[in-house]
Amino acid sequence: MGTSNGQSWDVICSDLEATRLVAGLLAVVLKPGDVIGLDGELGAGKTHFVQAVAAQLGFDPAQVTSPTFTLIQEYATAPPICHLDAYRLHDSDEFLELGVDELLGGDVVCLIEWASRVADVLPKDYLQLNFETLSESSRRISFVSNGPRSQKLLDNVRAAYSRQ
Ligand SMILES: Nc1ncnc2c1ncn2[C@@H]1O[C@H](COP(=O)(O)OP(=O)(O)OP(=O)(O)O)[C@@H](O)[C@H]1O
Ligand SMILES: [Mg+2]
C-alpha cells in the first residue's frame, strides 16, 4: 500500500493478545511528533491496535472508541495521543480542514486509521501499518517505514519483539 520505498517488517498476530503485545511494544517507543498510519479492511484491527497503544500508556482502553464519526479524538496519555479516522473523508483537503496541520508532527503522537486516503498530506517520514485479516482471530501487521524516523520506530519494535 502507498508508494513507499521504505523497508517493511511483517508480524503475525494469531490472537487479540498478540496484537495487544505488538501495540504495547510500539507504544513505549513513541515520541511526540510521531505519525502512525493504519490501513486494512473493516474489522482488520486498527481501532483495537490504537486501544492497546493507549492502554499501554495508561489510558482506559474502554474510552478509546472508533473516531469514524468524531474524526478526531485526543487521549491524555504521555505523550498525548491524537486518534484520527479518514474513512468518511472525501479528500485530503477535508482532512486539513479539521486543523490536523498543527497536530501532525507537533507535540502529540498521531494515529490515523485509513491513513492511505490522506497520505499526500502526511509528513513524509511516517510509519505505516497495514493490517490483513488471515482468519477470524489472526492478523498480519506489516510495518512500513518511509524515512529514518519511522525506520527507527520499526527497528525498535522489531528488536523488542524478538526479545519477547
Ligand atoms: N488478532 C487480532 N487483532 C485485532 N483484532 C482482532 C484479532 N482477532 C480478532 N479481532 C477482532 O477484530 C475486530 C477488529 O475491530 P476493529 O474495530 O479494531 O477494526 P478496524 O480495523 O478499526 O475497523 P474499521 O475499519 O471499521 O475502523 C474486533 O472485533 C476484534 O475483536
Ligand atoms: Mg476502526
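Two strands pair if DSSP finds at least two bridges between them; strands (E, at least two residues) and helices (H or I, at least four) are DSSP runs, numbered from the N terminus. The model is predicted: local features need pLDDT of at least 70, side-chain atom pairs count only at pLDDT 80 or more, and totals for chains, interfaces and linings use all residues. Residues are numbered from 1 along each chain as its sequence is written, while chains are lettered from A and ligands numbered from 1 in the order in which they are written.

**Exercise 1.** Determine how strand 6 is joined to strand 2 and to strand 7.

*Solution.* Step 1: strand 2 (residues 35-39) runs parallel to strand 6, with four bridges joining them. In strand 6, Leu-127 is the bridge partner of Ile-36.
Step 1: strand 7 is antiparallel to strand 6 and is joined to it by six bridges. Five residues lie between these two strands, which form a hairpin.
Step 2: of the seven residues of strand 6 (residues 127-133), five are buried, that is, have 20 or more other C-beta atoms, placed from the backbone, within 10 Å of their own.

Methods: A residue is buried if 20 or more other C-beta atoms lie within 10 Å of its own, exposed if 12 or fewer, and partly exposed in between; C-beta atoms are placed from the backbone.
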